[in-house]
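Please look over the structure below. A short report follows, one topic at a time.

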Protein chains: 2
Amino acid sequence: MNISLTSGKSITGSADKSILESLKEAGIFLTSSCGSKGVCGKCKVIVKSGEVDSKSQIKLSQEEISQGYALACATFPAGDIVIDIPKESILTVEGKVVTGKSKDLQALLQSTGASIDPLTERSVLQLPPATLDDNISDLERLKRELMTEGLGCLRVPFRFLNKLSEAVRKEDWKITLSTIHTDDCNEIINIFSGDQKTPQYGIAVDIGTTTVVLYLVDLTNGELVDVASTYNSQIRFGDDVITRIVHATENNELKSLHSAVISDINDLLSLVVSNHNLNTDAIDCFVISGNTTMTQLFLGLDPSAIREEPYIPTANIFPLAYAGELGIKSHRSTPIYSFPCVASYVGGDIVAGVLATRLHEKEEISIFIDIGTNGEIVIGNSEWLMSAACSAGPCFEGSGIKHGMRATDGAIENVIIDPDTKEVEIKVIGDDVQPAGICGSGMIDAIAGMFLAGILDQKGKMQEDASDRVRKGEEGLEFVIHSSDGRDIVLTEPDIENLVRAKAAIYAGFATLLNEVGFTFDDVQKVYIAGGFGKFLDIEKAIILGMLPEIPREKFEYMGNTSVVGSYLCLLSRKMRAEAEEISQKITYLELSVSNSFMDEYMSGMFIPHTNMEAFPNVKAMMDK
Amino acid sequence: MNISLTSGKSITGSADKSILESLKEAGIFLTSSCGSKGVCGKCKVIVKSGEVDSKSQIKLSQEEISQGYALACATFPAGDIVIDIPKESILTVEGKVVTGKSKDLQALLQSTGASIDPLTERSVLQLPPATLDDNISDLERLKRELMTEGLGCLRVPFRFLNKLSEAVRKEDWKITLSTIHTDDCNEIINIFSGDQKTPQYGIAVDIGTTTVVLYLVDLTNGELVDVASTYNSQIRFGDDVITRIVHATENNELKSLHSAVISDINDLLSLVVSNHNLNTDAIDCFVISGNTTMTQLFLGLDPSAIREEPYIPTANIFPLAYAGELGIKSHRSTPIYSFPCVASYVGGDIVAGVLATRLHEKEEISIFIDIGTNGEIVIGNSEWLMSAACSAGPCFEGSGIKHGMRATDGAIENVIIDPDTKEVEIKVIGDDVQPAGICGSGMIDAIAGMFLAGILDQKGKMQEDASDRVRKGEEGLEFVIHSSDGRDIVLTEPDIENLVRAKAAIYAGFATLLNEVGFTFDDVQKVYIAGGFGKFLDIEKAIILGMLPEIPREKFEYMGNTSVVGSYLCLLSRKMRAEAEEISQKITYLELSVSNSFMDEYMSGMFIPHTNMEAFPNVKAMMDK
């Protein structure tokens with residue numbers, strides 16, 4: 001049977017294959033964070049005509065159902081159908097982001113003083129042909145040539161030996177070696193006959209608890225060629241790292257968690273590879289960064305000891321893995337460098353963030369905070385670095401929020417609420433795009449605005465009569481941020497509760513860590529904020545919410561996803577990899593979960609902006625107005 | 001159905017399973033050099049009662065058939081049967097050889113000045129338990145302990161990382177590491193919880209073109225615990241290395257050749273492992289030596305370039321392989337060290353021989369010759385080493401000789417023919433054993449004896465009337481060496497032709513190589529002879545045959561299988577491994593196949609003892625008598 005898309009394309013479907021599956025086979029990838037279980041509601045399609053069989057309608061409103069919305073993973077065509085795929089469902093290669101970002105990234109790399117010296121290199125060698133007088137073995141000939149060329153020693157893992165004889169003879173003794181420098185020697189990771197110097201790409205990946213972001217990078221010049229991202233489909237086993245560790249341990253499901261993230265990365269990889277018509281042999285290496293649990297699950301390592309006192313990871317500096325060992329669909333010997341971690345709750349993503357912000361090089365005291373699922377903080381300078389993790393939860397990444405979504409096309413990233421008229425103005429990511437949900441920065445704006453407009457009280461309680469946008473919903477009161485075509489985007493009372501808990505944890509983290517090292521917010525010269533927010537994180541609003549401390553606006557800098565930037569840097573530079581390992585060793589970790597002062601600070605932060613209003617004099621003044 | 005053995009044992013058989021297969025399943029291994037094709041005739045059994053279905057009777061005489069002889073690989077029981085297994089068919093663990101040999105080997109190792117420093121080591125570590133104050137990762141804890149204990153750096157291949165967390169916690173932070181020292185670091189090859197310091201064994205293997213010999217060695221003290229050997233079942237693809245290379249190349253059968261020898265080694269391994277009730281985890285490492293082709297086939301490397309001018313092997317110094325990569329039935333990470341080779345036709349077995357004879361340490365000029373399938377010669381001293389290979393063929397190892405067999409139990413290893421009465425006296429290997437065939441030393445004795453008794457002329461032609469032991473056989477004239485129970489052991493005219501060609505090639509090799517370096521036989525102080533002969537290789541007889549030069553008897557020393565001895569030494573000592581690599585680099589290789597003077601010498605050697613009788617004055621005197 002036939003599935004026609006309103007965009008004009010037509011693909012083959014079948015009654016025993018979900019629409020999601022058929023789209024995937026045709027190279028159209030939808031967001032599916034529950035792994036086709038029909039529970040996350042992210043793979044919505046609109047059935048315009050034809051009969052379908054839907055096994056699940058979870059997360060679809062009555063209104064949506066009446067409009068033909070269906071979950072692609074749980075819906076099977078019963079004949080020829082026509083479907084429309086809403087923008088927010090499509091797993092996009094964020095092509096248009098690239099141009100700008102690539103220049104920024106290349107400039108950042110240059111500013112560190114590092115040259116392009118990627119994780120793997122290709123060398124083209126013309127060997128002198130074997131003769132009766134020069135009859136050394138193929139392997140010795142190869143090693144001799146590398147020495148002659150000043151390329152240093154060569155280690156040939158046994159698995160490549162059986163390719164060698166044919167490879168050197170196929171194109172008149174000219175070959176290309178792809179190598180990785182490790183343990184002071186060059187180790188072969190691929191052999192080609194003839195000159196195969198280019199193409200030569202690397203992959204940088206940020207494995208977030210909620211989202212996975214993948215960069216396709218040209219290793220010859222550092223160009224960011226493409227970006228793709230998706231939800232981490234481990235979400236179906238739980239939103240936060242602890243739930244996933246419990247699931248891996250108690251349900252003996254380590255393998256499922258491992259496979260979930262590997263499959264996400266493989267999906268993103270096929271997307272960029274097919275988008276640029278690449279052979280997988282063109283991909284020479286991977287650098288991945290993630291928090292410690294994400295890194296261990298990616299590597300298939302039992303994370304159970306991370307959860308139990310004294311909270312011990314298997315490793316902080318990981319041996320190289322190879323694609324074949326992990327199930328990554330690249331050449332089996334493609335090396336995978338995992339970012340070094342600090343401790344069980346301060347991982348490689350944070351080291352990557354420090355590396356990207358260059359905090360470790362500065363004399364002044366700075367704070368780095370990554371507001372992802374956990375909320376990790378580093379404070380320090382070129383002399384010392386101190387870190388902690390506050391369990392903020394994944395709501396700012398859209399998870400656990402009714403209409404929450406990542407900061408991609410269709411996300412409301414900016415919300416202005418007129419304190420008097422209570423009218424709402426929104427800004428949506430993407431050109432001429434209908435809003436599909438709300439991302440972290442939009443949520444912060446919305447709550448701050450609702451608070452100042454009297455729609456929320458200091459406890460975060462919604463005031464039913466404060467605006468006609470407040471209405472009773474399925475989960476209690478809800479505030480309508482946007483309404484179009486009968487499809488509303490709202491923030492519910494449970495959403496607000498989630499967000500207030502998260503912001504309280506973040507502020508408590510700052511306060512406890514500063515107190516521990518004997519400094520105050522006045523001593524801090526810079527606050528770098530990383531995380532999956534849109535471009536326009538409104539710092540004032542975050543201060544009004546009480547998530548960020550009330551210090552001068554100019555001290556804050558919003559950095560975006562520093563984890564994947566760190567991976568990018570390490571993919572391209574040996575100096576950066578050395579720095580990353582130094583940083584991971586230098587950072588001291590403070591365990592907040594056993595800290596009473598953290599719990600006190602957390603409880604004090606459960607108000608908007610805070611119980612201690614003296615720390616927020618400007619907000620107080622605004623409220624008084 | 002039931003297969004009863006006359007020895008008393010009883011095993012289960014089936015109509016669709018060959019007797020060989022059923023015996024194998026019951027842990028009784030027979031010699032089977034054709035890989036169960038029913039063509040080599042080595043797996044004979046005698047069916048004493050019951051019905052069988054025999055698919056092949058090749059190599060069985062009418063007399064044997066009438067006595068119930070059958071090929072176990074091609075014979076299927078049709079009901080309950082009783083069989084007798086002749087001694088020569090059983091693949092034996094040569095237990096009784098061991099006691100003596102072990103002391104010799106241990107003494108040899110000691111005499112080199114090397115201490116026991118095996119290829120792999122085990123270390124038992126008691127780690128300090130993790131606490132909130134000492135919360136480094138498991139991997140860092142392990143590395144720190146190794147540094148603290150002065151054991152140096154530790155490299156953990158990624159595949160072990162997922163074992164680590166459980167391993168350290170299972171027995172209260174006590175673990176045993178099995179490691180190999182490579183690239184100046186200790187690399188993990190196995191991890192155990194608790195104290196698993198012993199048992200700790202290594203395997204030394206000689207992969208001959210004709211036979212495979214395996215030593216089970218206790219790595220803690222160098223004791224040779226067991227020996228097992230079999231025919232190299234690659235024989236079914238051809239007797240010599242060239243035929244096998246052709247088969248691998250032209251028939252695309254590299255995989256079959258590789259699997260054949262791997263399966264031989266696996267058979268021998270299960271034999272010694274089950275004989276000593278070992279867990280395969282007790283086997284920590286392998287050292288293998290063989291000629292270059294055998295080494296490449298063992299490693300699964302395409303050998304085609306070895307055969308074509310300029311005769312180039314893939315490698316002479318091989319990277320470590322792991323059991324799992326080769327299909328060796330040991331723990332998959334068990335490292336396999338392959339002996340370094342010199343060139344396409346002078347391999348690791350010869351380097352092992354030089355190492356074992358210590359020729360490379362002596363000031364005097366010595367010759368080393370390994371009379372296996374090829375006949376490789378090394379001449380030199382502590383300053384220089386020169387080598388060549390003369391294609392002698394595998395007949396001295398029993399292959400291509402009607403009643404030829406290896407020098408194991410049942411082999412006639414000594415033959416004395418009275419020149420006057422032409423009566424024959426034989427000596428058989430083993431206590432109270434019926435002769436089953438004739439091995440290399442017996443053949444040399446027999447031909448020299450036949451020659452001196454006038455049964456053979458100088459051209460190797462058999463004289464029909466010279467003795468009543470000469471008779472017409474299926475392949476022309478044959479000489480009956482032994483007759484019992486109606487089963488004769490003979491040397492045929494084709495056997496003699498084979499042997500004369502082989503001895504001519506060996507002598508021509510000596511002569512050409514000496515000539516090349518500008519020395520004569522008078523300059524040689526020592527001749528070390530290695531090969532699969534019995535204990536009593538009679539040097540005089542070999543001189544009469546013209547295989548060895550006529551120089552004083554005391555200059556010759558018969559060394560036995562020096563290839564496996566070299567493997568034994570390298571298994572136990574780092575010093576020996578370094579020496580082996582030095583030797584392989586130091587030996588200069590002379591290509592005889594393009595040498596005219598070698599061809600001339602070869603043709604001159606096709607007489608007994610030689611065309612140039614002046615080089616054999618004593619033999620001439622004997623003949624004149």
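## A partly exposed methionine

M622(A) has a relative accessible area of 33%, so it counts as partly exposed. This is a predicted model. M622(A) sits in helix α18 of chain A, which covers residues 617-624. Together with L452(A) and M623(A), M622(A) makes a nonpolar surface patch of about 210 Å².

## Strand β7 of chain A

Strand β7 of chain A spans residues 81-84, and its side chains alternate. I81(A) and I83(A) point to one face and are buried.

β7(A) has strand partners. Strand β1 of chain A (residues 2-5) pairs with β7(A) in the parallel sense, over 3 bridges. Here L5(A) stands opposite I83(A). Strand β3 of chain A (residues 44-49) runs antiparallel to β7(A), and 3 bridges join them. In this pairing I46(A) stands opposite D84(A).

## An enclosed helix in chain B

How many of the 8 residues of helix α8 of chain B are buried? The count is 8 of 8, so the helix is largely enclosed by the rest of the structure. Among them are M294(B), L297(B) and F298(B), and also T292(B) and Q296(B).

Now look at the ends of α8(B). N291(B) caps the N-terminal end. A side-chain oxygen of N291(B) lies 3.1 Å from the backbone nitrogen of T293(B). After α8(B) comes G300(B), whose phi is positive, near 75°.

## Salt bridges

Over all chains, the structure holds 48 salt bridges. One of them joins R169(A) to D138(A), with the closest N and O atoms 2.9 Å apart. This pair links distant parts of the chain: R169(A) is in helix α5, D138(A) is in helix α4, and they are 31 residues apart. R169(A) is partly exposed at 29% relative accessibility. D138(A) is buried at 0%.

In chain B, D138(B) and R169(B) meet in a salt bridge of 2.9 Å, N to O. D138(B) lies in helix α4 and R169(B) in helix α5, so the pair ties together parts 31 residues apart in sequence. D138(B) is buried at 1% relative accessibility, while R169(B) is partly exposed at 29%.

## A loop pair and a network

R469(A) and E423(A) also meet in a salt bridge, at 3.5 Å from N to O. Both lie in loops of chain A, 46 residues apart. R469(A) is buried, with a relative accessible area of 18%. E423(A) is partly exposed at 45% relative accessibility.

Finally, a network of salt bridges links R155(A), D183(A), E187(A), R155(B), D183(B) and E187(B).

Terms used: Residues numbered from 1 in each chain as written. Chains lettered and ligands numbered in written order. Predicted model: local features only at pLDDT ≥ 70, side-chain atom pairs only at ≥ 80, totals over all residues. Heavy atoms only, no water. Buried < 20%, exposed > 50% of the residue type's maximum accessible area, 1.4 Å probe, protein only. Helix = DSSP H or I, 4+ residues; strand = E, 2+ residues; numbered from the N terminus. Pairing = 2+ DSSP bridges. Patch = residues over 30% accessible without salt bridge, like charges linked within 9 Å, V, L, I, M, F, W, Y side chains within 5 Å. Areas by Shrake-Rupley, 256 points an atom, 1.4 Å probe, with all protein chains shown as cover. Salt bridge = Lys/Arg side-chain N within 4 Å of Asp/Glu carboxyl O. Polar contact = N/O pair within 3.5 Å; in protein donor to acceptor, adjacent residues only side chain to side chain.
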